[in-house]
Amino acid sequence: MSNSTVDASKRTWLIASSCAGAVGAGFVAVPFVSSFEPSERAKAAGAPVEVDISALQPGQKMTVEWRGKPVWILRRTPEMLASLKKTDNEVADPDSKRTAYPIPDNCKNEWRSIKPEYLVLVGICTHLGCSPGDKFQPGPQPSLPDDWQGGFLCPCHGSTFDLAGRVYKNKPAPDNLQVPPYQYLSDTRLLIGEESKA
């Protein structure tokens, strides 16, 4: 047996084993790389949620789930937006400064939202965790003042919130409703759970 015959067989063996190793590494890498994608459990635990708001009409509210909590998206009418000026003196924290939930930077304004028309709130009362109900119709109603401008009423202990989620004075809830971090992906798509860096 000559040296050239041995070298050729070694070379063939090295090439074949290298190819087999590369194929095997590919089979191992695919599940490993795909494991980087968040699982359904991880998404429920806090991954951002994408929401289509294209069908939401003025005056309507939709609810989605983020981190196991209800998140409300309310498309406010011009009348709803105008009512916010009327409630400034009646709410406990009009500028959301004392909140236990820091308001996202892009929502630090009179509407507590990125765009005035769309309000995004976590629908859980800051008192004991009940979910307030919609009381959008202005005017006198049971459990509400005669000059009610529209908003939310917590059925558990009577806390009331205006149409920006700000709590009224002398109510059990200590803070305004939470504004989650969110951003617009387009005019009709929101991403809840991630604040825009721009």
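Biologist: Which residue of β3 is the bridge partner of tryptophan 66?

Modeller: Tryptophan 66 is bridged to lysine 69 in β3. Keep in mind that this is a predicted model.

Biologist: What is the general idea behind strand pairing?

Modeller: Strands of a sheet pair through backbone hydrogen bonds, and the pairing is either parallel or antiparallel. Here β2, residues 61-66, runs antiparallel to β3, and six bridges join the two strands.

Biologist: How many residues lie between the strands in the hairpin of β2 and β3?

Modeller: Two residues lie between them, and arginine 67 in this hairpin has a positive phi near 55°.

Biologist: In what order do the strands of the open sheet run?

Modeller: The order is β5-β6-β7, three strands with antiparallel pairing. β5 (133-135) and β7 (160-161) are the edge strands, each pairing on one side only. Between β5 and β6, the latter being residues 151-153, there are three bridges in the antiparallel sense.

Biologist: Which residue of β6 stands opposite lysine 135?

Modeller: Glycine 151 stands opposite lysine 135.

Biologist: And the side chains of a strand, where do they point?

Modeller: In a regular strand they alternate between the two faces of the sheet.

Biologist: Next, the aromatic rings. How many aromatic pairs are there?

Modeller: Rings count as a pair if their centres lie within 6.5 Å. The count comes to four aromatic pairs. One of them is tryptophan 72 with phenylalanine 152: the ring centres are 4.7 Å apart and the planes are at 25°, so the pair is stacked.

Biologist: Why is that angle called stacked?

Modeller: Because planes under 30 degrees apart count as stacked, those over 60 count as edge-to-face, and the rest count as tilted.

Biologist: Which parts of the chain does the pair of tryptophan 72 and phenylalanine 152 tie together?

Modeller: Tryptophan 72 is in strand β3 (residues 69-75) and phenylalanine 152 is in strand β6, so the pair ties together parts that are 80 residues apart in sequence. Tryptophan 72 and phenylalanine 152 are buried.

Biologist: How is the pair of tryptophan 148 and tyrosine 168 arranged?

Modeller: That aromatic pair is tilted, with 5.6 Å from centre to centre and 35° between the planes. Tryptophan 148 belongs to the loop between β5 and β6, and tyrosine 168 to the loop between β7 and β8 (182-186), so this pair ties together parts that are 20 residues apart in sequence.

Biologist: Are tryptophan 148 and tyrosine 168 buried or exposed?

Modeller: Buried means under 20% relative accessible area. Tryptophan 148 is at 2%, so it is buried. Tyrosine 168 is at 7% and so counts as buried.

Biologist: Which residues do ring pairs link into a cluster?

Modeller: The cluster consists of Trp72, Phe136 and Phe152. Tryptophan 72 also has the charged end of lysine 61 over its ring, 4.1 Å from the ring centre.

Biologist: Over which ring does the charged end of lysine 115 sit?

Modeller: It sits over the ring of tyrosine 184, 4.2 Å from the centre.

Biologist: How many disulfides does a search of the whole structure find?

Modeller: It finds one disulfide. Cysteine 130 is joined to cysteine 156, with 1.9 Å from S to S. The torsion about this S-S bond is about -105°, so the disulfide is left-handed. Cysteine 130 lies in the loop between β4 (118-122) and β5, and cysteine 156 in the loop between β6 and β7, so they tie together parts that are 26 residues apart in sequence.

Biologist: How accessible are cysteine 130 and cysteine 156?

Modeller: Cysteine 130, at 18% relative accessibility, counts as buried. Cysteine 156, at 37%, counts as partly exposed. Cysteine 125 is in no disulfide, and its nearest cysteine sulfur, that of cysteine 154, is 3.9 Å away.

Biologist: Last, serine 113. Where does it lie, and what are its polar contacts?

Modeller: Serine 113 is in the loop between α3 (78-87) and β4, and it is buried at 0% relative accessible area. Its side chain makes a polar contact of 2.9 Å with the side chain of arginine 76. A polar atom of the serine 113 side chain also lies 3.4 Å from the backbone oxygen of tyrosine 118. Leaving aside residues up to four places away in sequence, serine 113 touches several residues, among them Asn106, Cys107, Leu119 and Tyr182.

Terms used:
Residues numbered from 1 in each chain as written. Predicted model: local features only at pLDDT ≥ 70, side-chain atom pairs only at ≥ 80, totals over all residues. Heavy atoms only, no water. Pairing = 2+ DSSP bridges. Helix = DSSP H or I, 4+ residues; strand = E, 2+ residues; numbered from the N terminus. Phe/Tyr/Trp six-rings, centres within 6.5 Å; stacked < 30°, edge-to-face > 60°. Buried < 20%, exposed > 50% of the residue type's maximum accessible area, 1.4 Å probe, protein only. Lys NZ or Arg CZ within 6 Å of the ring centre and 35° of its normal. Disulfide = S-S within 2.5 Å. Polar contact = N/O pair within 3.5 Å; in protein donor to acceptor, adjacent residues only side chain to side chain. Contact = heavy atoms within 4.5 Å.
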